[in-house]
Amino acid sequence: MATRNGEAEARARLEELAARGLLIDGDWTGPGTGGVYAHHDPATGRHQADVGLATADEVDAAVGAAAAALGEWRRWPPQRRAAVLARLAHLLDEHAISSAALNALDNGTPVSAMPSGHYAASWTRYYAGWVD
């Protein structure tokens, strides 16, 4: 169960993430120019953050950058890809509590029912084992 400090930290992190805007080709581009989505806490109905929405051009730019990154990823040797996935799994475990709190704020699932960071970390480790 999240503590009050954990909830406050998660709320602050949610606002920070929403303020960053779009991540395209490794750069935060600021809020999307396609309008704003008002995100509300599903448990309380209270407004949590305004999330910028992407335009079609911004989505196309993000998809293009992802496609280019996939080409680079495929050229990496399997050991390097496995190491990156192992590092990601470690970070998911390390931040599991704040991840669960963020997910609870996002979709209303109780923190006790969703150890999302550990769950995602175990799947990431599983797939890292299939790289080679």
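**Notes on the predicted model**

1. Asp41 has a relative accessible area of 5%, and because buried means under 20%, Asp41 counts as buried. Please keep in mind, here and below, that this is a predicted model. Asp41 is found in the loop that runs between β3 (36–40) and β4 (47–52). When neighbours within four places in sequence are left aside, the residues in contact with Asp41 are Arg11, Arg46, Gln48 and Leu105.

2. Although His95 and His118 are 23 residues apart along the chain, their C-alpha atoms are separated by 8.8 Å.

3. How many aromatic pairs does a search of the whole structure find? The search gives 5 aromatic pairs. In one of these, the ring centres of Trp73 and Trp76 are 5.3 Å apart and the planes stand at 50 degrees, so the pair is tilted. As for accessibility, Trp73 is partly exposed, with a relative accessible area of 26%, whereas Trp76, at 19% relative accessibility, counts as buried.

4. Tyr126 and Tyr127 also form a ring pair, with centres 5.1 Å apart and planes at 80 degrees, so this pair is edge-to-face. Tyr126 is partly exposed, its relative accessible area being 42%, and Tyr127 likewise counts as partly exposed, at 48% relative accessibility. The two tyrosines belong to a cluster in which ring pairs link Trp123, Tyr126, Tyr127 and Trp130.

5. Returning to Trp76, the reader may wish to inspect the face of its ring, over which Arg80 lies at 3.7 Å from the ring centre.

6. Of the 132 residues, 24% count as buried. Among the contacts with a separation of 6 or more, 50% are accounted for by residues 24 or more positions apart. The accessible surface of the protein chain comes to about 8,800 Å², and 59% of that surface belongs to carbon and sulfur atoms.

Note on methods
Residues are numbered from 1 along each chain as its sequence is written. This is a predicted model: local features need pLDDT of at least 70, side-chain atom pairs count only at pLDDT 80 or more; totals for chains, interfaces and linings use all residues. Side-chain values use heavy atoms; hydrogens and water are left out. Helices (H or I, at least four residues) and strands (E, at least two) are DSSP runs, numbered from the N terminus. Buried means under 20% relative accessible area, exposed over 50%, partly exposed in between (1.4 Å probe, protein chains only). Contact means heavy atoms within 4.5 Å. Rings of Phe, Tyr and Trp (its six-membered ring) pair if their centres lie within 6.5 Å; planes under 30 degrees apart count as stacked, over 60 as edge-to-face and the rest as tilted. A charge sits over a ring if NZ of Lys or CZ of Arg is within 6 Å of the ring centre and within 35 degrees of the ring normal. Accessible areas come from the Shrake-Rupley method with a 1.4 Å probe; for residues, only the protein chains shown count as cover.
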